[in-house]
Amino acid sequence: MFDFFKKKKKEDENKKEYLEETYQDDEVEEEWQIEDEYEEDFKPLEGGETLVFESSNADLEEEFSYDESEHNENLDSNHISTEDLTNSSDFNYEESNNYKKEEIYNQSYEESENKGFFGKLRDGLLKTRDQFSSQIKNLFTSNVKIDDEMYEELEDILISADIGMETTLAIVDSLRYEINERNIKDSDEIYPLLEEIMVRHLDRDNLDNDLNFRNNELAIILVIGVNGVGKTTTIGKLAYNLEKEGKSVMLAAADTFRAAAIEQLGEWADKANVEMIAHSEGADPSAVIFDAIKSAKNKDIDVLICDTAGRLHNKKNLMKELEKINKTIDSHAGSATRENLLVLDATTGQNAVNQLREFKNVTDITGLILTKLDGTAKGGIIFPLQYELNVPVKYIGLGEGIDNLEKFDSKSFVDAMF
């Protein structure tokens, strides 16, 4: 009798599993058809019409507005879970990684809440510290001889960390001078002295790493950079940071050139809970900026962050477009404060230095945001950017989470390197 019930239970489970798989396959096929029809309804607007993407607590006042509740209902009706996809015969492993990235994003956000600034900085600079600090400690052993050979080896270590030739020579010369002046003989004293000198060189020109804000004045931040540096993602993180500081923020989707750029920025606007002004793909970026400035003024917005097309420094037409955007801001922003922030990828090393040089020839760069520092062992690239080219690093990116963009501080940065 017991065997009979076991057999019956097994048959019922197999039947249930078969029905669920059949239902899920049909449901996935039906939902994809719904999604295709849904996307067809979102054709590019004609005639330069403006889309306003608002956060859930904003008033919908524009003629063409983004209804978040309706959008969420549409998303829910067209949503396909990871379980549905996995059971489907059309399951694509690469596409499934998008869900894993979202899980990583949520996890990193929760973990970062329990860490202080310095803790996140040390974690983000792990690769740089592992390489740089270990080499420095091996050099300054108890039996090290303070001579030209030691200084030459130190130069090699600094250059390998992408600190740059000019900055490296300046640091080593200062170290040599201080060792002679202080009559240092003990290698244990060299290590903290080097750290002190590196901080001093980063702060040599007393560069202002704060954003240019004034009370009761609109601040306009133009964010530029080549494709692939994390520009759009950085804008979302910056908007989130400023919202946490109590400022009202609006985004302008002026990257109308790259496919899906507007949608990507819209996702970050939703995560940061800020409003976004956008036109259709292929629209005039200057027109987007114009409408965004007008809307920001009418709504007493504190900060307007403008995305731009990823432009290579050797593309003259894109650079001319940047000049046109700057003229639009100058003509219509009134007394608004300005920031032109260049986003650079830390993993590109000296190529980032070359990009800064080229962009400085075209526009006034008021500050830098260095991304992907957690993905490189050459975090020393900050030194030539700030020391040699005299442009302040205002923020650094240390991870994929929305709160992984940190204000740059020279002493904390060098401490984390050691």
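A residue is called buried when its relative accessible area is under 20%, exposed when it is over 50%, and partly exposed in between (1.4 Å probe, protein chains only). Keep that handy, because Asn-404, with 9% relative accessibility, counts as buried. Before we go further, note that this is a predicted model, where local features need pLDDT of at least 70, side-chain atom pairs count only at pLDDT 80 or more, and totals for chains, interfaces and linings use all residues. Residues are numbered from 1 along each chain as its sequence is written, and side-chain values use heavy atoms, with hydrogens and water left out.

Let's start with the whole chain. The protein chain has 16 helices and ten strands; helices (H or I, at least four residues) and strands (E, at least two) are DSSP runs, numbered from the N terminus. There are 418 residues in the protein chain, and 46% of them are buried. The accessible surface comes to about 22000 Å², and carbon and sulfur atoms account for 45% of that. Accessible areas here come from the Shrake-Rupley method with a 1.4 Å probe, and for residues only the protein chains shown count as cover. Now think about contacts, meaning heavy atoms within 4.5 Å. Among contacts between residues at least 6 apart in sequence, 75% join residues at least 24 apart.

Back to Asn-404. You'll find Asn-404 in the loop between strand 9 (393–397) and strand 10 (405–407). The side chain of Asn-404 reaches the backbone nitrogen of Gly-401 at 2.8 Å.

Strand 9 itself is worth a look. Five of the five residues of strand 9 are buried, so strand 9 is largely enclosed by the rest of the structure. Which strands does it pair with? Two strands pair if DSSP finds at least two bridges between them. Strand 8 (residues 367–371) pairs with strand 9 in the parallel sense, over three bridges, and Leu-368 stands opposite Val-393 in strand 9. Strand 9 and strand 10 run antiparallel and are joined by three bridges; there, Ile-396 stands opposite Glu-406 in strand 10.

This stretch also has a label in a database. An unreviewed UniProt entry lists residues 392–405 for "domain: SRP54-type proteins GTP-binding". UniProt positions are given in the numbering used here, feature names are shortened, and annotations may be inferred rather than shown by experiment. Over residues 392–405 the chain is 0% helix and 43% strand, with the end C-alpha atoms 16 Å apart.

Next up: charges. Side chains of opposite charge can pair when their charged atoms come close. A salt bridge is a side-chain nitrogen of Lys or Arg within 4 Å of a carboxyl oxygen of Asp or Glu. How many salt bridges does a search of the whole structure find? It finds 14.

Head over to helix 9 (residues 190–202), where Glu-196 is found. Arg-200 forms a salt bridge with Glu-196, with the closest N and O atoms 2.9 Å apart. Both lie in helix 9, four residues apart, which is about one turn of the helix. Glu-196 is partly exposed, with a relative accessible area of 37%, and Arg-200 is partly exposed too, at 35%. The side chain of Glu-196 also makes a polar contact with the side chain of Arg-182 (3.2 Å). A polar contact is a pair of N or O atoms within 3.5 Å; within protein, one must be able to donate a hydrogen and the other to accept it, and residues adjacent in sequence count only if both atoms are side-chain atoms. Put together, Glu-178, Arg-182, Glu-196 and Arg-200 are linked in a network of salt bridges. Glu-196 and Asp-415 are 219 residues apart in sequence, but 9.3 Å apart in space, C-alpha to C-alpha.

Another salt bridge joins the side chains of Lys-324 and Asp-284 (3.0 Å, N to O). This pair links distant parts of the chain, 40 residues apart: Lys-324 is in helix 13 (residues 316–332), and Asp-284 is in the loop between strand 5 (275–278) and helix 12 (285–298).

Our last stop is Thr-232, in helix 10 (residues 231–244). Is Thr-232 buried or exposed? Thr-232 counts as buried because its relative accessibility is 4%. Leaving aside neighbours within four places in sequence, Thr-232 is in contact with Arg-258, Gln-264, Leu-265, Trp-268 and Asp-307. Thr-232 and Asp-307 are 75 residues apart in sequence, yet 6.9 Å apart in space, C-alpha to C-alpha.
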